[in-house]
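Let's take a friendly walk through a protein model, from its surface to its charged pairs. Have the sequence and the 3D view at hand as you read.

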Amino acid sequence: MDIFDKYAAIAERRSKLLAAGADPFNLRIEAMHGPTEATIAGRRTILVGTNNYLGLTYDPACVEAAVEALRREGTGTTGSRIANGTYGGHRALEEEIAAFMRRRHAIVFSTGYQANLAMIAGLAGPRDLILVDSDWHASIWDGCRLSGATVVRFKHNDPEDLDRRLARNEGVGECRLVIVEGTYSMLGDRAPLREIVEVKKRHGAFLLVDEAHSFGVFGATGRGVAEADGVEPDVDFIAGTFSKSLGAIGGFAVSDHPSFELLRVCARPYMFTASPGPATIASVRTALRRIAEEPALRDRIWANAKALHGGLSAQGFAVCAAMSPIIAVRLPDEAAAVWAWNRLLELGVYVNLALPPGTPNGVCLLRCSLSAAHTPAQIEQVVARFGVLAREIRVALEAPAA
């Protein structure tokens with residue numbers, strides 16, 4: 001038996017996908033033209049699937065901060081945070097994130113994925129119980145496995161089911177940790193944090209909220225859904241990423257817990273990974289200040305979200321959730337989704353193709369993520385090109401069978 005034989009079903013599925021057109025999971029961007037446009041397959045394309053929510057990847061101040069740090073401190077630290085990988089910038093960024101989030105403690109990680117791995121496996125152990133929303137990100141799933149804790153899933157965005165499962169597992173686990181996401185990455189729906197907080201308080205559990213897709217966007221100052229819902233004091237731990245609103249690569253976690261700093265010597269993904277490079281740290285520090293100082297960024301992304309959500313709904317697309325910067329359109333099956341994704345690419349619009357098992361309940365999606373950097377004219381073009389797609393779908397459905 002060949003070592004790759006176990007992937008035979010995946011290989012067959014991938015071959016069918018490639019036969020239908022471009023490779024959605026290995027798409028080559030030939031040239032970038034700013035935060036919202038690129039050249040793909042020789043065609044100028046509007047990017048509506050980058051998670052670049054505030055459009056800060058090309059912000060002049062962020063770029064200059066990164067360049068200056070690169071010249072001053074080099075290309076990388078070449079060491080983990082517990083060795084030689086803690087520079088002045090790393091500690092300064094942690095202090096600034098803590099201040100922005102109004103928390104006592106903050107820890108910076110090399111990626112958002114590792115932030116979840118470190119937090120979950122650092123907080124929970126084999127004698128603990130984790131209760132996690134069933135629409136969990138891969139990093140949350142892997143963190144749960146790495147922890148060795150007993151894991152119980154509850155129905156997506158269902159506080160009553162969480163309540164029942166906590167009651168059913170009364171006495172199980174020395175500590176109980178509830179994990180949810182502020183905004184869910186596939187459908188764009190948000191967690192009912194007020195209700196979840198009430199449940200966790202009733203059962204004496206701890207709560208970790210992953211604000212990866214909500215940081216910078218939700219809340220009066222951009223601290224996320226916990227801020228928007230007015231429950232920050234009751235959220236024990238928050239994890240986030242640099243790769244969305246902050247326009248870089250990395251992750252962070254914050255807390256008021258007095259022993260939080262122990263994770264620096266207890267969380268293996270933090271201890272044994274090289275720290276983020278100086279350029280990344282510098283750009284993120286600048287991006288954080290931009291978020292704090294320019295609320296108009298949030299105004300622009302919400303205006304764009306309203307326009308796209310309304311435009312796609314008016315054309316009859318099955319939009320999966322209430323308005324947010326993530327707008328997912330449900331397609332009837334994988335073949336239809338793959339065809340539609342390729343057709344949009346031909347029309348000069350890049351979105352994410354999202355297929356099972358990476359989607360909840362086996363749905364097939366065209367996933368859009370908006371940016372504050374999108375102009376109203378670009379949003380109009382995207383709506384118009386989705387309109388072409390809608391008309392072609394209707395013609396195909398009305399055509400007589402061969």
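## A look at helices and charged pairs

Phe 4 sits in the segment before helix H1 (8–19); helices here are DSSP runs (H or I) of at least four residues, and strands (E) of at least two, numbered from the N terminus. This is a predicted model, in which local features need pLDDT of at least 70 and side-chain atom pairs count only at pLDDT 80 or more, while totals for chains, interfaces and linings use all residues. Residues are numbered from 1 along each chain as its sequence is written, and side-chain values use heavy atoms, leaving out hydrogens and water.

Phe 4 is exposed, at 58% relative accessible area (buried is under 20%, exposed over 50%, partly exposed in between, with a 1.4 Å probe and protein chains only).

Now for two neighbouring topics: helix H6 and helix H7. The axes of H6 (residues 159–168) and H7 (residues 193–203) come within 9 Å and cross at roughly 15°. H6 and H7 are therefore roughly parallel (angles under 35 degrees; over 145 is roughly antiparallel, 65 to 115 roughly perpendicular, the rest oblique).

Side chains of opposite charge can pair when their charged atoms come close. A salt bridge has a side-chain nitrogen of Lys or Arg within 4 Å of a carboxyl oxygen of Asp or Glu. The whole structure holds 29 of them, including these:

| Salt bridge | N to O distance |
|---|---|
| Asp 163 and Arg 202 | 3.4 Å |
| Glu 198 and Lys 201 | 4.0 Å |
| Lys 201 and Asp 234 | 3.9 Å |

Lys 201 lies in helix H7 and Asp 234 in the loop between helix H8 (225–228) and strand E9 (237–241), so this pair ties together parts 33 residues apart in sequence.

Conventions. Axes are lines fitted to C-alpha atoms, for helices over the stretch in contact, and angles run from 0 to 180 degrees between N-to-C directions.
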